[in-house]
Amino acid sequence: QVQLVESGGGLVQAGGSLRLSCAASGIIFRINAMGWYRQAPGKQRELVAFITIGGSTKYADSVRGRFTISRDNAKNTVYLQMNSLKPEDTAVYYCNSGRTSGSYYPSNYWGQGTQVTVSS
């Protein structure tokens, strides 16, 4: 049974930082690409960043230079370091295990999400 468990969300002031974690089980973590998505109220879920099996990363334009995705295969965990947070970063953040072929292709496996709220 695949489980993805996100943690690390919270309330932070604009300009602050948060580090999200996603612990995976039930998959062979090291052969999966991993992605972070977010969904703000009334908006579609969007891809924020992904990391390939080899450690290459890609970011949405809106977060490039502020967010960093990383992975620790020994801990079956993917991270999202978020700096210089803005109110428009407010959303529920989800991790996903998937595959890449240039772009990121999500699987049907999602975590429960973690709320990030950035106050102005």
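Close-up 1. A disulfide is a covalent bond between the sulfur atoms of two cysteines. Here the partners are Cys 22 and Cys 95, with sulfur atoms 1.9 Å apart. Strands (E, at least two residues) are DSSP runs, numbered from the N terminus. Both cysteines are buried. Buried means under 20% relative accessible area, exposed means over 50%, and partly exposed lies in between (1.4 Å probe, protein chains only).

This is a predicted model, in which local features need pLDDT of at least 70 and side-chain atom pairs count only at pLDDT 80 or more, while totals for chains, interfaces and linings use all residues. Residues are numbered from 1 along each chain as its sequence is written, and side-chain values use heavy atoms, with hydrogens and water left out.

**Close-up 2. Strand E3 pairs with E1 and with E8.** Two strands pair if DSSP finds at least two bridges between them. Strand E1 (residues 3–7) and strand E3 (residues 18–25) run antiparallel and share 5 bridges. Ser 7 has Ser 21 of E3 as its bridge partner. E3 is also joined to strand E8 (residues 77–82), again antiparallel, by 6 bridges.

**Close-up 3. Two arginines lie over tyrosine rings.** A charge sits over a ring if NZ of Lys or CZ of Arg is within 6 Å of the ring centre and within 35 degrees of the ring normal. The charged end of Arg 19 is placed over the ring of Tyr 79, 4.0 Å from its centre. Arg 99 lies over the face of Tyr 105. There the distance to the ring centre is 4.6 Å.

**Close-up 4. Tyr 94 and Trp 110 meet edge-to-face.** The structure contains 4 aromatic pairs. The centres of Tyr 94 and Trp 110 are 6.5 Å apart and their planes stand at 90°, so this pair is edge-to-face. Tyr 94 belongs to strand E9 (residues 91–101) and Trp 110 to strand E10 (residues 103–110), so the pair ties together parts that are 16 residues apart in sequence. A pair of aromatic rings is described by the distance of the centres and the angle of the planes. Rings of Phe, Tyr and Trp (its six-membered ring) pair if their centres lie within 6.5 Å; planes under 30 degrees apart count as stacked, over 60 as edge-to-face and the rest as tilted. Tyr 94 is buried, at 13% relative accessibility. Trp 110 is partly exposed, at 31%. Which residues form one aromatic cluster? They are Tyr 37, Phe 50, Tyr 94, Tyr 104 and Trp 110.

**Close-up 5. Salt bridges link four side chains in a network.** The structure holds 4 salt bridges. Each is a side-chain nitrogen of Lys or Arg within 4 Å of a carboxyl oxygen of Asp or Glu. The network is made of Arg 38, Glu 46, Arg 66 and Asp 89. Arg 38 and Glu 46 meet at 2.7 Å, N to O. Arg 38 is buried, at 6% relative accessibility. Arg 66 and Asp 89 also form a salt bridge, with their closest N and O atoms 2.8 Å apart. This pair links distant parts of the chain, 23 residues apart: Arg 66 is in the loop between strand E6 (57–59) and strand E7 (67–72), and Asp 89 is in the loop between E8 and E9. Arg 66 is buried at 11%, and Asp 89 is buried at 0%.

**Close-up 6. Glu 46 sits in strand E5.** Strand E5 covers residues 46–51. Glu 46 is partly exposed, with 34% relative accessibility. Where does Glu 46 make contact, leaving aside its neighbours within four places in sequence? The partners are Trp 36, Tyr 37 and Arg 38; contact means heavy atoms within 4.5 Å. The C-alpha atoms of Glu 46 and Ala 60 are 8.8 Å apart, and the two residues are 14 residues apart along the chain.

**Close-up 7. Asp 61 and Arg 64 form a salt bridge.** Their closest N and O atoms are 2.6 Å apart. Asp 61 is exposed, at 63% relative accessibility. Arg 64 is partly exposed, at 47%.

Notes: Helix = DSSP H or I, 4+ residues; strand = E, 2+ residues; numbered from the N terminus. Disulfide = S-S within 2.5 Å.
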